[in-house]
Amino acid sequence: MTIQVPTRSNTNITALQNALAQGKPSRSFWQDARIRFFQDRLGVSGGTLFLFLCLMALAAPWIEQNIVHFSPSSMDLPNAYRPPTAQHWFGTDDYGRDYFIRTIYAGQVSLSIGFLFAFVSLTIGVVLGVAGGYYGGGLDDLVQGVINLVQGIPMLPLLMIIGSMVRLGWVELAILLSILGWTGASRQVRGLTLSVKQRDYVLAARTVGASNARIMVQHILPNVFSIVLVIVGFDIASAIMVESGLSFLGFGVQPPTPTWGNMLTNSLTYVSKDPWLVVFPGVAISLTVLAVFLLSDGLRDAMDPQLRK
Amino acid sequence: MTRYLARRLLQTIPILLIITVIQFMLIRASPGGPLKAYLENPMTTVEHIKQMERQLGLDQPLPIQYLTWMLGNDWTLVDEDGDGVAETKGTTRGMLRGDFGYSYFTHLPALETILGRLPATVELSLAATLISYLIGIPLGVYAGLHRGGRIDNAVRFFTSTLNSVPHWWLGLIFIILIANLTLATGVQILPIGGRQTLGLEGFNPLDRLWHLILPAFLMGTGGWITFMRFMRSETLEVLGQDYVRTARAKGLSARVVTFRHILRNALLPVVTISGGLFVSLINGAAIYELVFSWPGMGRLVLEATLKKDFPISIGALAIFATIGVLGRLLADIAYGWVDPRIRYD
Amino acid sequence: MYKLLCLLSVTVVLVFIVACAAPVTPEPTKAPTATTVAVAPPATTAPGPTVAPKPTEVPKPTETKAPPKGGTVRRYLTGNAISMNPMMTSDTTSTGLQDWIWAHLVKRDPVTLDIVGVLYEDKPTFSADGKTMTWKLRPGLKWSDGQPLTSADVEFTWKTMMDPKTKLRQRATFEGAFTDVKALDPLTVQYTLKDVGFCPAADQSDLIGVLPKHIYEKLDINVNPENTKPTVVNGPWLFKSWAADDQFTAGPPNKNYVLGEPNIETVSYRNVKDAVVALQLFKTQEIDIVSPAALDWEEVKKLPFASTYEYYTPGASWTYIGFNTRNPWLADKKVRQAISTAIDVDGMIKNIRLGLAKRQYSLISPTNWAYTDDVPKFPYDPTKAKQLLKDLGFTPGPDGILQKDGKPWPKMRIFYSAGTSEREKIATIAQENLKAVGIPLEVVAEESAAYSERRGVTRDMELFIHGWSPGVEPYGTGEVFQSFSTRNHSGIKNLEFDKLWDQASYTPGCKQADRKVFYVKAAQILADEQPYIWIFATPELVAVNKRLTVNPMTPLGVLYDPSKWYINP
């Protein structure tokens, strides 16, 4: 093929002029991302499902009052172990409590832990990751050192020890998990900061004399935000899994407060006789986690199509 | 290489130091403190307590206490009777020399108890890591080579679903399934738990292997899914590369070319992931050891925390951290050996 | 490529090295030798229900065909034993394991229910003035190392028990029975009764069994390696290994066992997470004996390879909710009675035991000879409970929680032993019941050994759920409620009860019918006091794999003499 030298005639000035004449601005990154996201059916279905589950959890008291008419803690011993019926959509548990409303309230707790964990650990992770990546040098070494340190702490044994000294409510649990678990996010954020730092517009901004703070807010954070959205999803999922594990070991949120974790473990005794007791919390967890994974994958693909596998 | 290693070794020291500080603070913060075992004894008088405080150096300022705890005080003189003159020898050997205290319940040395259970956990974690390689890598390569095919889609769907439930919970479901299956058919495909069959004497490798399969497989599930995904994307990337096309053009078999390139590219990241994987397996072993009645260190710490047997549970922190450090160091060594660039660093 | 293979093979080799190098059953190591009492950490003992002395069959003339020897019996544990030394423990998990390696001085005959000797001969003789009781040891008894077992060992055991340095919590039980135990000659042991006419004297004469003097006299009884690894025993089997929270193995059979060398070669216990896993193990026939929860009983009965036994013993175990009467809010017995009225016990029996239990109202089991049904009862009536509390000055505050004189009811905790799903259900139901009348309760699960400490030592609790295994003789059961007892967890003080209980123990003539008069009155007083809410007495539910032949059924069940069990050929 011949090598074309760009001249005024063969660059796409006409198209540009036409577009400008029509008054259509070029699309921003976010608009692009949004369009791509909504084209991805899996991501959208995941997102819708997750939204639906969160709304159900939030609306638990309303559902209790207006739809189900059973409280999660009111016992009905003679009617224990009933399979799903029109009256009890998910059946009753071993105390005769309505399993459907318990599953919803449990979702409240599990999702709250997930969100709080994601929020706190990302706050720490982003601040440290951006600071270290951007400023580099001694600060970066310090942050890396802290990351190595925190990663060297054995999480589960430490959680068990603290759990044996102090009773952990869901808030304390989520915060404790964040203090030990922010390092993964921080590493990714730092990596992204490093690469964004090299980009042309950042160099241009610095040449022009923009302050560090301005650069971080205007250029770094928006890019970081995209990866943060993805990490939030995985954080929520992993917090739910960890909480169920801790409930199993006896350190999670204590009964009678239902969480998907402790519902899952308490119901195992009855798996041969009353399998629905095991199925519903299990399905709840897997649906939530699947939905969140699909949503995160969709978001990631929308933000950076080059990452698509 | 040696300089690289030396640097990595030096980097491990601050972590271990911080862990010991955390341990020190935890022991002080635990209900009853380090003298809890003595407080329970109705025979102990206030004088006894004071004497022991002085003996263990607990009346000293905090930094000195920490040093005593780490280095012991049996090589120095302690003022045991409170008269202001240090004339008796101390009694603790200090953590650095292996004195982790004694279990509140069995009164055996804590370190010995912990180390006694260590091999079981390491065995399980190593087996899980091995399974992660053996299943994850071939599966991932195959899925990548046959992208879009039925097996690829099935595997991707199956692993996504598998990752959305806790794997240890699946273990319990399996146990119940196995029991019911055994009842129905009379054939027991896998044991319910334990490290070897109850009542069996001596070391029977087949029996031990049979007991290892299910716990190691479930523990390694996170691992082989990770490796599978990674190898799949590696394969896809390599397949799209120019040099593959070039090699094919030259007449080399596609299979051979891709395998060599895939494995070569994948080696470094796999090694990096492995270190972290093994360490996280060790730290998280407690749940699997509980489900499968596996006599490992994780379950020991679980029991100790439930019983509030602090010398064991807090002492185990140091062991876990040390293994973590060693594991990552080994991975780094392997990394350094495999990556020629590092060697000449 | 080559490097990858290298890495893989290194990992494989590592796995093998670790697996081969580490023994599956770690050898217990020596405990530190104590230089002074102050230095060595003191042993913790766990108070708890005493177990009736494990009865063994009176030796019969030899059968026509000798049962086959050898084989292993496999069992499971859900709790943790504390020590292998019977003097240091009284919880059922520890004694359950100890009974395989330690013999008893006396036992209860499984058919007649009389106290007969095991290491002792036949029955005791009493002096004319009733002040002393004398037992004779069987001649020719030997410890497992061949040393003779004599009265010196019994006297040594007694002296060690009474030594104030020994951390023995049941001391008061024995001090209330005997003032001295002396060796008159190598085969004769004389017990001096604290008070003449102590009816359960024979029952209590087992003490805690007997320890070998030639081993323990050189050791500090509280902390020594024999407590975790006994080298010399006198029970049916020798001790092989014990890894706390992992497994326990006894074997091979003790040739010197008083009732004859056992048939079974080894007994192995493994620790499992809970009854769910234990049941699966039984279903795959990896263990031979299981005591399933009531909810699983129907399923277990259907198993083709299991022989199932369901029976109430005369000393049926009962479960209760205890009050800590030292707490000012729980000090008034009328408050306790009102709380009792708020608890739905019948609901619990139906829901938790599926009806496989007998309602209990006072401290004597419904199947015991001293039982009476004529005691104050507080059947479930939440409206009445609220009224009773109102009459006592407790009215619901704005948040529904009861208040008195402006002070709201403090948040109280109800404890239970972790891993026991039945007790967890009792706790949860009780919590819900009490919430309905305005009393806030927090449910707390605690590990069994730590829970023992709480009940017996710190008593930092308000309500506590636990069980009691009484035995045929009521003495020990009531001693716990006497105001001076060190095992009085509830802190109840009723001098009338103390007196009646002593009268029942000292009834002239010691006839059951006469003693029962006092037991009835005592039970009535205690039921009125309600230091415990008695919930139910439970039958034994035992399933045994048909490959194992156990003992013939008697009032004491089918597991009373393991030395006679055998594996079917």
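How many residues lie between β8(C) and β9(C) in their hairpin, and which residue in the turn has a positive phi?

## The hairpin and its neighbour strand

In this predicted model, three residues separate β8(C) from β9(C) in the hairpin, and C:Asp245 in the turn has a positive phi of about 65°. Strand β8 covers residues 237–243 of chain C, and five bridges join β8(C) to β9(C) in an antiparallel arrangement. Within this pairing, C:Trp242 has C:Phe248 of β9(C) as its bridge partner.

Strand β9 comprises residues 247–253 of chain C, and six of its seven residues are buried, so that the strand is mostly covered. Across from C:Thr249 stands C:Ser268 in β10(C).

## A three-stranded open sheet

Elsewhere in chain C, an open sheet is built from three strands in the order β11-β22-β12, with antiparallel pairing. The edges are taken by β11 (289–290) and β12 (306–311) of chain C; each has a single partner strand, so one side of each is left without a neighbour in the sheet.

Strand β22 of chain C spans residues 540–545, and six bridges join β22(C) to β12(C), the two running antiparallel. C:Tyr311 is placed opposite C:Glu540 in β22(C).

## Domains and overall make-up of chain C

Chain C is divided into domain 1, residues 72–227, and domain 2, residues 318–538. Taken over C-alpha atoms, the centres of domain 1 of chain C and domain 2 of chain C are 31 Å apart. Their contact takes 18 residues from domain 1 of chain C and 20 residues from domain 2 of chain C. On the domain 1 side of this contact, the residues divide into six nonpolar, seven polar and five charged.

The secondary structure of chain C amounts to 16 helices and 24 strands. Of the 569 residues in chain C, 52% are buried. When contacts between residues at least 6 apart in the sequence of chain C are considered, 71% join residues at least 24 apart.

## The side of chain C that touches chain A

Where chain C meets chain A, 14 residues of chain C are in contact with twelve residues of chain A. Three elements of chain C each supply at least two residues of this side: α10 (345–353), α12 (421–437) and β19 (441–446). The most comes from α12(C), which gives five residues. By type, the residues of the side of chain C that touches chain A divide into five nonpolar, five polar and four charged.

## A bent helix in chain A

Helix α11 of chain A runs over residues 212–249. A straight helix of 38 residues would span 56 Å at 1.5 Å a residue, whereas α11(A) spans only 47 Å between its end C-alpha atoms. Where along α11(A) is there a bend? The bend is at A:Leu221 and comes to about 40°. A proline, A:Pro222, follows within four residues. Just after α11(A), A:Gly250 takes a positive phi of about 105°.

Technical notes
Residues numbered from 1 in each chain as written. Chains lettered and ligands numbered in written order. Predicted model: local features only at pLDDT ≥ 70, side-chain atom pairs only at ≥ 80, totals over all residues. Expected span 1.5 Å × (residues − 1). Bend = angle between axes of the 7 residues up to and from the residue. Contact = placed C-beta atoms within 7 Å. Nonpolar A, V, L, I, M, F, W, Y, C, P; charged D, E, K, R; others polar. Pairing = 2+ DSSP bridges. Domains from an automatic or database assignment. Buried ≥ 20, exposed ≤ 12 C-beta atoms within 10 Å, placed from the backbone.
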